Amino acid sequence: MINSIPPAAIFIIGALFIPFLRGKIKSAYMLLLPVIAFYILVTIPEGKHWVVRLLDYDLIFGRIDRLSLVFGYIFSIISFIAILFAIQVKDDVQHVSGLIYAGGALGVTFAGDFFSLYIFWEIMAVASTFLILARRTEKSHAAAFRYILVHVVGGLFLLAGIIIYVSKTGTTEFAFMELKGLEAYLIFFGIAVNAAIPPLHPWLQDAYPEATVTGAVFLSAFTTKSAVYVMARIFPGAEILIWLGAFMTAIPIFYAVLENDIRRVLAYSLINQVGFMMCGIGIGTALAINGTVSHAFCHILYKALLFMSVGSVLHVTGKIRCTDLGGLYKTMPVTCLFCMIGAASISAFPMFSGFISKSMIVSAAGHGKLVIVWLMLQFASAGVFHHAGIKVPFFTFFGHDSGIRAKEPPLNMMIAMGIAAFFCVFIGLFPQPLYSILPYPVDYVPYTGAHVVGQLQLLMFGALAFTLLILSGYYPAELRAINLDTDWFYRKGSRLVVYIFTGISMKIAQICDFLFIKFFPEKLGAISRKPIISLIGLYYKTVGKDTAPLEGYSENPKPETVNLIPAGISVLFSVFFLMLLAVIFFVGL
Amino acid sequence: MKELKIFDKPENVKRLLYIFYASLVVLLIIDFFIHKHADFPWEAATNFFAVYGFVSCVALIFIAKILRKIVKRKENYYD
């Protein structure tokens, strides 16, 4: 019976009841929703479910197959963890929008047609914006505004592509598509915005660090990974993604090294990790797609873990900059340990989850003999260890002692981190359960001698470079500064546009003001009061005669009071007649 | 509140560094005995990954320092 409800609806409709509940019931209710969704996904058979006929099209809310199921599982799991992490928050806006956001992601995942995909796509954009707004600072409001603008633009590209696609093919159902023709490019662009492919990425590093402590955990999981899913669904094997993905892994790590805000460092490393997935989708072989999907699965867990652990630091200290933090291992050892587990996982240390998933993508690049791509991915692997693996825990929990003596965060936050950390280690040690749910059969063995030693060498000698550079003082110092990214173009560009347009429109307004408020009314008023005298005067003026004989007749500078019908009455009349017209029109029809 | 102070002592930091360096040496030695199945010829070269990892990270910092000169702005730049 419960199987008749799509998981997306459980979250979205379920979220609406949250404000009416209180205390422990509320907590239990919120935690129950992802459990129900997960149960439905485990029990439901593959195929098409929840098809609703609307006008001439089918809305398919449940395309259940191996690709969508993996994403459905992980989205439900991470919702549970993120809700548990957020449960002590006394702000219903965050709870409701977080759950609707999660529901939107599940809706996108199981959408079998473009219309329902688009609806859930926009639900995600709107709901996630509230997680940034809910920080309730000036900065977060501005960032949320930029965030929603970027996503609305991306959504419009997607919509334009969908409309062309539907009018061309006559169906709203979608599956694999070649990257050919206008509609494919528009859809590709729309997805690329959500996937944060450079140079369309800056919304991510701009907005996520401004979100609330718990909101950032939701944000880190859904938007980019649902875009990964849709990309893998529609454009597997699109060659351009190989290169976009490779650059996407490399570019953000330079910024991450320089960045001072720790959550912004994580945002950059998020882009870097999604780059691996994009690259895998571009390669498009069974191994690469398996690698992409499993990497998305692992990534969601360890990235959430990292955002939770540094979020806990922000929660208890109120600080998040490298320059303000340091030495926190002394009083927050457990949070520190969780952070290091997340760091080891994102760095793909053997025994941790990233290792068994990322290596599939890199191996797929190797098997495809993509020399430069392979070298770039290895470079990015070393680089991600450098900033997310070492820099984040080092500058937060070790490094210089900031003097802050903060307590561990509340128990529910610790348990949430504990669950995520458990998954990171468990998947790293026993990859088989994850491998068994991937879209294609897996015959990949991550733990070979060459592999383990090669990866350890790459990471440990990267760490050696870090150590030597820190000890020698050559490592770029943490500075209170920001680094320009491609959002410069719209953040500064918008001011230029505003400047130009307000400049022009102000001039037009001034001219209009002069002409229509002052010049014409005065002249017309003067003429209409004493028409003959004025006309004679005007005539005298133009032919150059002396106007002295008219002095006595010259008009009174103050206009007489006139009984005017108030403007409201005429407006009322026009509205009335328009209504009458409408009634006649519709009745006549 | 109980505090951990393990890294307040310089000798502990030194010990950690020695363990770290020792593990690097072990990794370099182990590589001679590993059977390789490489996609590229250089991948099979002994200790390729050690060199590549080290060079990558130095290059990363080097380029990042140049990048900082170009993109660094004051924190209130956009305000």
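**Conventions.** I number residues from 1 along each chain as its sequence is written, with chains lettered from A and ligands numbered from 1 in the order in which they are written. Because the model is predicted, local features need pLDDT of at least 70 and side-chain atom pairs count only at pLDDT 80 or more, while totals for chains, interfaces and linings use all residues.

**Domains of chain A.** I looked up the division of chain A, whose bounds come from an automatic or database domain assignment. Domain 1 covers 1-235, domain 2 covers 236-444 + 477-483, and domain 3 covers 492-550. The centres of domain 2 and domain 3 of chain A, taken over C-alpha atoms, are separated by 67 Å.

**Contact of chains A and B.** I counted two residues as in contact if their C-beta atoms, placed from the backbone, lie within 7 Å. Chain A gives 42 residues to the contact and chain B gives 39. On the side of chain B, the elements with two or more residues there are α1 (10-30), α2 (48-71) and β1 (72-73). Elements are DSSP runs numbered from the N terminus, helices being H or I of at least four residues and strands E of at least two. α2(B) supplies the largest share, 16 residues. By class, I find 22 nonpolar, 6 polar and 11 charged residues on this side of chain B. Here Ala, Val, Leu, Ile, Met, Phe, Trp, Tyr, Cys and Pro count as nonpolar, Asp, Glu, Lys and Arg as charged, and the others, Gly among them, as polar.

I then took α15 of chain A (residues 371-397) against α2(B): the angle is about 65 degrees and the axes are 9 Å apart. Axes are lines fitted to C-alpha atoms, for helices over the stretch in contact, and angles run from 0 to 180 degrees between N-to-C directions. α15(A) and α2(B) are therefore roughly perpendicular (the class for 65 to 115 degrees). The crossing is right-handed, that is, the near helix is turned clockwise from the far one by less than a right angle. On α15(A), A:Q378, A:F379, A:A382, A:G383 and A:H386 meet B:Y52, B:G53, B:S56, B:C57 and B:L60 of α2(B). This contact has 5 nonpolar, 5 polar and no charged residues.

β3 of chain A (residues 482-483) pairs with β1(B) in the antiparallel sense over 2 bridges; pairing needs at least two bridges found by DSSP. A:N483 stands opposite B:K72.

**Within chain A, helices.** I looked up α1(A) (residues 7-15) and α4(A) (residues 92-110), which pack at about 160 degrees with axes 7 Å apart. They are therefore roughly antiparallel (over 145 degrees). The crossing of α1(A) with α4(A) is left-handed. The residues of the contact include A:F11 and A:I12 in α1(A) and A:L99 and A:L106 in α4(A). Its classes are 11 nonpolar, 3 polar and no charged.

**Within chain A, hairpin.** β1(A) (residues 47-54) and β2(A) (residues 57-64) run antiparallel, joined by 7 bridges. A:G47 stands opposite A:I64. The hairpin has 2 residues between the strands, and A:L55 takes a positive phi near 55 degrees.

**Loop between α7 and α8 of chain A.** I noted A:P199 in this loop, where the peptide bond from A:P198 to A:P199 is cis with omega near 5 degrees. A:A196 lies in the loop as well, and its phi is near 65 degrees, a positive value in a residue other than glycine.

Technical notes. Parallel < 35°, antiparallel > 145°, perpendicular 65-115°, else oblique.
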